[in-house]
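Please keep the sequence and the model open beside the text.

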Amino acid sequence: MSQPQAAPVVDGDTRPAPMLLVADPDADLVRELASALEREGILVAGVLDGAQALLQAGALRPDVVLVSATLPVIGPVDFVRAVRLARAVPVLLGVGEGHAEQAVQALAAGATACVARPYRVPELLPLVQAAFPGDVAGRGVLTVGGVELDVGAYQVRVAGSPVHLPLREFELLHYLMRNADRTVTREQIMRHVWHAADSMSTNTIAVHVKRLRARLGDEDDQLIQTVRGVGYRLVTPA
C-alpha cells in the first residue's frame, strides 16, 4: 500500500504538505483518492486494515485520519477508541448505505465526522486543509458572541457547552463565522460549503440553516440573520 515519500512543497513554501492517513480495505479506492489528493498538495499514506492504521497513525503522526466503516482486523470503532487514548488527531469515518450503526458508534467513541464513501475530493479537501497545523488560515479558534468553533478539532461550544454538529452544518457555521457581519449570498454558500453549482436547490441551504439555528439556540434568528433575496449574515452581538 502507499507510503508517503519526501514531503512536497506547498505553494512555493518549504513547509511540508498536510498528511492524510487513509485506512480502507479497497486498495483501488485508496490509490484513486491518493492520486487525486496529491494533485491538490495533500500527502497521502494508505493502509488496508485497522492494525496497520494504528501502527502508521503512531509512526507517521498524520494531520487527519480517514477510516472506512468496513475496516477489517481492528474495526473503526475500536480504532477510534485506541487513537483517542494517544492523540487528538481528527478521525473521519467513510460511510455508505447500511453503515448508520457504525457511524453512531464511531461518533460516540470520538470520531470527528462522517463523510460519504466512495470518497469525494471536494468534500475531503477542506477538512484536511483545515486540520493542518501549518495552515494558519485554516486552524485556530473562531469566536462570535457565545459561539466558539475550533477548526482543527472540529468542535463547537455555545456558552461553554459542547454542541455536536453534523459535518455539513459545521462547514456552514465555519463559513459564516469566517465572514461574520458580512452578507454571504446563497451562491457563495453553494460554492464554498457544498462545492456545488448554482443549480443546487436553495431550499437545501434553508433547511441546514434552520437546523443550525436550532442547535445553536438561535431561536429568534438574531445570530444568523436572513437577508431576503440575497443570503445570510452571521451577526456579532453588540
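Helix H4 lies across strands E4 and E5, running at about 175 degrees to E4. Helices (H or I, at least four residues) and strands (E, at least two) are DSSP runs, numbered from the N terminus. Axes are lines fitted to C-alpha atoms, for helices over the stretch in contact, and angles run from 0 to 180 degrees between N-to-C directions.

A word on the model itself: it is predicted, with local features needing pLDDT of at least 70 and side-chain atom pairs counting only at pLDDT 80 or more, while totals for chains, interfaces and linings use all residues. Residues are numbered from 1 along each chain as its sequence is written, and side-chain values use heavy atoms, with hydrogens and water left out.

## The five-stranded sheet

E4 and E5 belong to an open sheet of five strands with parallel pairing, in the order E2-E1-E3-E4-E5. Two strands pair if DSSP finds at least two bridges between them. The edges are taken by strand E2 (43-47) and E5; each has a single partner strand, so one side of each is left without a neighbour in the sheet. From one strand to the next, the twist averages 25 degrees.

Strand E4 (residues 91-95) and E5 run parallel and are joined by four bridges. Val115 in E5 is the bridge partner of Gly94, and Ala116 in E5 is that of Val95. Helix H3 also packs on this sheet, where H3 touches strand E3 (64-68) and E4, and its direction makes about 175 degrees with that of E4.

Together, E4, H4 and E5 make a right-handed β-α-β unit. A crossover is right-handed if, with the strands pointing away from the viewer, the path from the first strand over the helix to the second runs clockwise.

## H3 beside H4

Two packed helices are described by the angle between their axes and the distance between the axes. For helix H3 (residues 76-86) and helix H4 (residues 100-109), the axes cross at roughly 10 degrees and come within 9 Å.

Which residues in H3 and H4 meet? From H3 come Val77, Val80, Arg81 and Arg84, and from H4 Gln102, Gln105, Ala106 and Ala109. The residues of this contact divide into four nonpolar, two polar and two charged. Here Ala, Val, Leu, Ile, Met, Phe, Trp, Tyr, Cys and Pro count as nonpolar, Asp, Glu, Lys and Arg as charged, and the others, Gly among them, as polar.

## Two buried residues

Buried means under 20% relative accessible area, exposed over 50%, partly exposed in between (1.4 Å probe, protein chains only). Leaving aside neighbours within four places in sequence, Ala106 is in contact (heavy atoms within 4.5 Å) with Val77, Val80, Leu93 and Ala111. Ala106 and Leu92 are 14 residues apart along the chain, and their C-alpha atoms are separated by 9.4 Å.

Thr112 sits in the loop between H4 and E5. With 12% relative accessibility, Thr112 counts as buried too. Not counting residues up to four places away in sequence, Thr112 touches Arg84, Pro90, Val91, Leu92, Leu107, Ala153 and Tyr154.

E11 and strand E12 (residues 231-234) run antiparallel, joined by four bridges; Tyr232 in E12 is the bridge partner of Thr226.

In H6, Arg168, Glu169, Leu172, Leu173 and Leu176 meet His208, Val209, Arg211, Leu212, Arg215 and Leu216 in H8. The residues of this contact divide into six nonpolar, one polar and four charged.
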